Amino acid sequence: MSSSSSAAAGAGSGEPSSTSRPGKEREDGGDGGGRKEGEGGADFDLAGAAAGWVEARTSCPHLPAMPAASADDLARVPPPDSPCSRCHHPAENWLCLICKDVLCSRFINKHMLYHYQDTGHCLALSFSDLSVWCFACDSYLDVQSILELRPVYEVAHLMKFRQRPPFRSLDVLDLSSGQNGGSPSQS
């Protein structure tokens with residue numbers, strides 16, 4: 001297996017459990033590809049890559065595969081304490097956002113990863129921390145920026161914490177550039 005497919009198999013299983021915001025830590029090992037040698041032979045880190053930090057994507061071309069957030073679809077979201085539907089493990093489980101199946105992480109028996117490989121269902125929500133992973137993009141998705149993810153995220157958050165999630169206001173998100181802020185400052 002190539003190093004890129006190896007990383008995809010590890011991280012692409014939708015783990016580790018972290019929040020879905022920029023600067024999320026990634027545990028797929030990494031190869032230190034973001035490190036450069038500085039002056040005097042000292043190593044320094046470029047954008048946190050060697051430390052395993054990744055930026056959650058603010059868009060994803062695979063979102064059309066997800067059913068529309070109808071009341072019927074949202075009613076099919078199982079509780080966050082649901083066990084894996086294959087091995088019945090009670091922890092580290094993920095919700096397939098396409099078919100609403102609950103499957104365990106790569107840290108348990110890799111059933112969510114196998115589900116993606118078998119079905120092509122590439123979008124999953126972690127019940128551990130409510131992060132969203134796209135297997136096809138091999139990346140976390142930012143639920144703050146991606147409106148299509150907000151309804152299912154909100155349902156899962158309500159079930160897990162018994163309160164609505166604290167969404168950032170859309171007027172502070174500059175979705176065209178993927179950065180926070182309103183209008184650009186004038187000099």
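The dialogue below takes the labels one by one.

Modeller: This is a predicted model, in which local features need pLDDT of at least 70 and side-chain atom pairs count only at pLDDT 80 or more, while totals for chains, interfaces and linings use all residues. Residues are numbered from 1 along each chain as its sequence is written, and side-chain values use heavy atoms, with hydrogens and water left out.

Biologist: What is the mean pLDDT of the protein, and which residues stay under 50?

Modeller: pLDDT is the predictor's confidence in each residue, from 0 to 100. The mean for the protein is 76, and 64% of its residues reach 70 or more. Values stay under 50 over residues 1–48 and again over residues 177–187. In the model, residues 1–48 have 103 contacts (heavy atoms within 4.5 Å) beyond four places in sequence, and residues 177–187 have 11. Where pLDDT is low, the predicted coordinates should not be read in detail.

Biologist: How many helices and strands are there, and what makes a run count as one?

Modeller: The protein has 4 helices and 11 strands.

Biologist: Is C104 called buried or exposed, and how do you know?

Modeller: Buried means under 20% relative accessible area, exposed over 50%, and partly exposed in between, with a 1.4 Å probe and protein chains only. C104 has 0% relative accessibility and therefore counts as buried; C134, at 0%, is likewise buried. Of the 187 residues of the protein, 39% count as buried.

Biologist: What makes a set of residues a nonpolar core, and how many residues has the largest one?

Modeller: Such a core is a set of buried Ala, Val, Leu, Ile, Met, Phe, Trp, Tyr and Cys residues joined through side-chain atoms within 4.5 Å. The largest has 36 residues, and those with the most contacts inside it are L95, L97, L123, L125, L141 and L149. Elements that each supply at least two residues of this core include strand 5, helix 3 (111–119), strand 7 (123–126) and helix 4 (150–161). Leaving out residues up to four places away in sequence, L123 touches residues among which are C60, M66, L95, L97, W133, C134 and L141.

Biologist: Where is H115, and is it buried or exposed?

Modeller: H115 is found in helix 3. Its relative accessibility is 4%, so H115 counts as buried. H111, M112 and L113 of helix 3 are buried as well. Beyond four places in sequence, the contacts of H115 include R86, C96, D101 and L103.

Biologist: Is S82 buried or exposed, and which residues does it touch?

Modeller: S82 lies in the loop between helix 2 (71–75) and strand 5 (93–96). At 11% relative accessibility, S82 counts as buried. Apart from residues up to four places away in sequence, S82 touches N93 and V102. A polar atom of the S82 side chain lies 2.6 Å from the backbone oxygen of P79.

Biologist: Why is P83, in that loop, called partly exposed?

Modeller: P83 has 38% relative accessibility, so it counts as partly exposed. The C-alpha atoms of P83 and N93 are separated by 6.9 Å, although the two are 10 residues apart along the chain.

Notes. Polar contact = N/O pair within 3.5 Å; in protein donor to acceptor, adjacent residues only side chain to side chain.
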